[in-house]
Amino acid sequence: MPARINPSILAADFVNMERDLGRIASADLVHVDVMDNHFVPNLTFGPQMVERIQAVSAIPLDVHLMIDDPDHWALGYAELGAYSVTFHAEAAADPVRLARRLRALGARAGIALKPGTPADDYLELLAEFDQVLVMTVEPGFGGQSFRAETMPKLAQLRAAVDAAGVDVWLQVDGGVTEETIVIAAENGADTFVAGSAVFRADDPAAQIALLRESASAHRH
Ligand code: DX5
Ligand code: ZN
């Protein structure tokens, strides 16, 4: 399985979203950053916008919820048809219950960890999730630099996933470029979010192909 490349539409032109979705048609999934101005100091959009993105996107949605109270709000994104819904460990009151409810609605369930959040509490619970998102920047903004100090946590998760023999995707998000994608791949990531690196490229499709090739060549 080649590395998955999920461009983040946080770096797209919000008033030309359908056009920009067309520019990333060769991606694996569309990464959709929902921010509520509480969990993170930035605001994007909510279910009404995501429902429209879902309606016009040729590829499935990888929704990343940077919001408070995901136990309440996350389910709506599964109900509108998102392929994957990832909520933050720091915000969820009962992550396992929420993941089970998301799966019951037919979505993949993901749990995200901020750079400072250890993975230890989740290593025994991996089978409850379809994806663990290791944030490689502080969530909230695109265009930040990759934080390599998160790599031991990613490697720890890769070892635990392999030891348990579970099919859990390991995603990185933040500061992913042609250079840093190699480091993340070597440390066990198989799913890569890239905002600026894709949308700032002259040819986003070529950039997606390059990132995929580079990550696949350095797979753990
Ligand atoms: C940051 C978001 C990311 C962001 C990544 O909080 O979760 O998905 O769009 O942007 P780049 O790739 O520019 O760091
Ligand atoms: Zn994200």
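In the predicted model, strand β4, helix α4 (residues 95–104) and strand β5 form a β-α-β unit that is right-handed, a crossover being given this hand if, with the strands pointing away from the viewer, the path from the first strand over the helix to the second runs clockwise. Helices (H or I, at least four residues) and strands (E, at least two) are taken as DSSP runs and numbered from the N terminus. Between β4 and β5 (residues 108–113) the pairing is parallel and extends over five bridges, where two strands are said to pair if DSSP finds at least two bridges between them; within this pair, Ser 84 lies opposite Arg 108 of β5. This is a predicted model in which local features need pLDDT of at least 70 and side-chain atom pairs count only at pLDDT 80 or more, whereas totals for chains, interfaces and linings use all residues. Residues are numbered from 1 along each chain as its sequence is written, chains are lettered from A and ligands numbered from 1 in the order in which they are written, and side-chain values use heavy atoms, with hydrogens and water left out.

On its other pairing, β4 is joined to β3 by four bridges, and these two strands likewise run parallel; Leu 65 has Phe 87 of β4 as its bridge partner. From β3 the chain passes through helix α3 (residues 70–79) to β4 in a right-handed β-α-β crossover. Five of the five residues of β4 (residues 84–88) are buried, so the strand is largely enclosed by the rest of the structure, with buried meaning under 20% relative accessible area, exposed over 50%, and partly exposed in between (1.4 Å probe, protein chains only). The burial involves both faces of β4, with Ser 84, Thr 86 and His 88 on one side and Val 85 and Phe 87 on the other.

These strands belong to an open sheet of eight strands, ordered β1-β8-β7-β6-β5-β4-β3-β2 and paired in parallel. Because β1 (4–7) and β2 stand at the edges, each with a single partner strand, one side of each is left without a neighbour in the sheet. From one strand to the next, the twist averages 25°. Strand β6 (residues 131–135) is joined to β7 by five bridges, again in the parallel sense, and Leu 133 is placed opposite Gln 171 of β7. Helix α2 (residues 47–56) packs on the sheet, where it touches β2 and β3 (61–66), and its direction makes about 165° with that of β3; contact here means heavy atoms within 4.5 Å, and angles run from 0 to 180 degrees between N-to-C directions, with axes given by lines fitted to C-alpha atoms, for helices over the stretch in contact. Helix α8 (residues 204–217) also packs on the sheet, touching β1 and β8 (191–194), with its direction at about 145° to that of β1. The pairing of β1 with β8 is parallel and spans four bridges, and Asn 6 has Val 193 of β8 as its bridge partner. Along β1, Arg 4 and Asn 6 point one way while Ile 5 and Pro 7 point the other way, and all are buried.

The zinc ion (ligand 2) is coordinated at 2.1 to 2.3 Å by His 31 (NE2), Asp 33 (OD), His 64 (ND1) and Asp 173 (OD), donors being N, O and S atoms within 2.8 Å of the metal (3.2 Å for Na, K and Ca), and water is not among the atoms, so sites may look incomplete. The arrangement is octahedral because the six donor atoms around the zinc ion subtend angles of 71 to 172°; six donors count as octahedral if opposite donors are over 155 degrees apart and all others between 65 and 115. In sequence, the donor residues follow the spacing H-x1-D-x30-H-x108-D.

Two loop residues other than glycine have positive phi values. Asn 37 has phi near 65° and is located in the loop between β2 and α2; at 44% relative accessibility, Asn 37 counts as partly exposed. Asp 69, in the loop between β3 and α3, has phi near 50° and is partly exposed, with a relative accessible area of 40%.

Terms used:
Four donors count as tetrahedral if all angles lie between 85 and 135 degrees; four count as square planar and six as octahedral if opposite donors are over 155 degrees apart and all others between 65 and 115; anything else is irregular.
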